[in-house]
Amino acid sequence: MVKQKVVLRFPPNIVEQPTIYMLIKDFDLMVNILRADINPRKEGRLMMEISGEEANYQKAMTWLKKQGLSVMNLEQQIIWRSDRCTHCGACTVICPTAALNFERPDMVVRFEEDKCIVCELCLRACPARAMETLVDNSNFR
Ligand code: SF4
Ligand code: SF4
């Protein structure tokens, strides 16, 4: 079994195709959509968790790339610059999944990447600019 969070980016010409349906039907995968930015006739982006048999997952990733989609691991999309962090805690209040949280008893902030859903709320909340993203948002503004 494999369970992986990924970011799919759809070029405009295939944004309206039933890609998720195909992942479920043809590759027997389970798909949990974490966030979707879909605009008809523009580039689309889906952040989701995919689980299933390893062989099916690999075949599906190959198929997605052949369709012209880009696939990236979601864990690598948000970066915490610990050297800039002042442990003020502002991000822990707004992080919806508690990926940013206080570690007790020292009460220092830590970032648990596997809980992050790339909502990007922490980017705006952090006064020290300690949170960064590798996601190119230029087509979504
Ligand atoms: S991007 Fe969202 S889920 Fe991830 S750490 Fe920041 S606030 Fe939390
Ligand atoms: S808001 Fe920024 S500086 Fe404050 S704890 Fe979070 S990451 Fe660190």
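Buried means under 20% relative accessible area, exposed over 50%, and partly exposed in between, using a 1.4 Å probe on protein chains only. By that scale, Arg35 is partly exposed because its relative accessibility is 21%.

## About the model

This is a predicted model, in which local features need pLDDT of at least 70 and side-chain atom pairs count only at pLDDT 80 or more, while totals for chains, interfaces and linings use all residues. Residues are numbered from 1 along each chain as its sequence is written, chains are lettered from A and ligands numbered from 1 in the order in which they are written, and side-chain values use heavy atoms, with hydrogens and water left out.

Let us start with the overall layout. The protein splits into domain 1 (2–75) and domain 2 (77–133), with bounds that come from an automatic or database domain assignment. Their C-alpha centres are 27 Å apart. Nine residues of domain 1 touch ten residues of domain 2, where contact means heavy atoms within 4.5 Å.

Between them, the two domains bury about 780 Å², with 45% of this on carbon and sulfur atoms; buried area is the accessible area (1.4 Å probe) that two parts lose on being put together, summed over both. On the domain 1 side, Arg35, Leu74 and Glu75 lose the most area to domain 2, together 54% of what that side buries. Three residue pairs, both members at pLDDT 80 or more, are in polar contact across the two domains. A polar contact is a pair of N or O atoms within 3.5 Å; within protein, one must be able to donate a hydrogen and the other to accept it, and residues adjacent in sequence count only if both atoms are side-chain atoms. The number of salt bridges between domain 1 and domain 2 is zero.

## Salt bridges

Side chains of opposite charge can pair when their charged atoms come close. Here a salt bridge is a side-chain nitrogen of Lys or Arg within 4 Å of a carboxyl oxygen of Asp or Glu, and the count comes to eight. Asp37 takes part in a pair with Arg35, at 3.5 Å between the closest N and O atoms, and in another with Arg45, at 2.8 Å. Asp37 counts as buried because its relative accessibility is 18%, and Arg45 is buried too, with a relative accessible area of 1%.

Elsewhere, Arg110 bridges to Glu112, with the closest N and O atoms 3.7 Å apart. Shared partners link Glu103, Arg110, Glu112 and Lys115 into one network of salt bridges. Arg110 is partly exposed at 32% relative accessibility, as is Glu112 at 21%.

## The two ligand shells

Which residues come nearest to ligand 1? Of the 13 around it, they are Cys95, Cys116, Cys119, Glu120 and Cys122; a residue is near a molecule if one of its heavy atoms lies within 4 Å of it. By class, this shell has eleven nonpolar, one polar and one charged residues. In that scheme, Ala, Val, Leu, Ile, Met, Phe, Trp, Tyr, Cys and Pro count as nonpolar, Asp, Glu, Lys and Arg as charged, and the others, Gly among them, as polar.

Ligand 2 has 14 residues around it, with Cys85, Cys88, Gly89, Cys91 and Cys126 coming nearest. Its shell holds eleven nonpolar, three polar and no charged residues.
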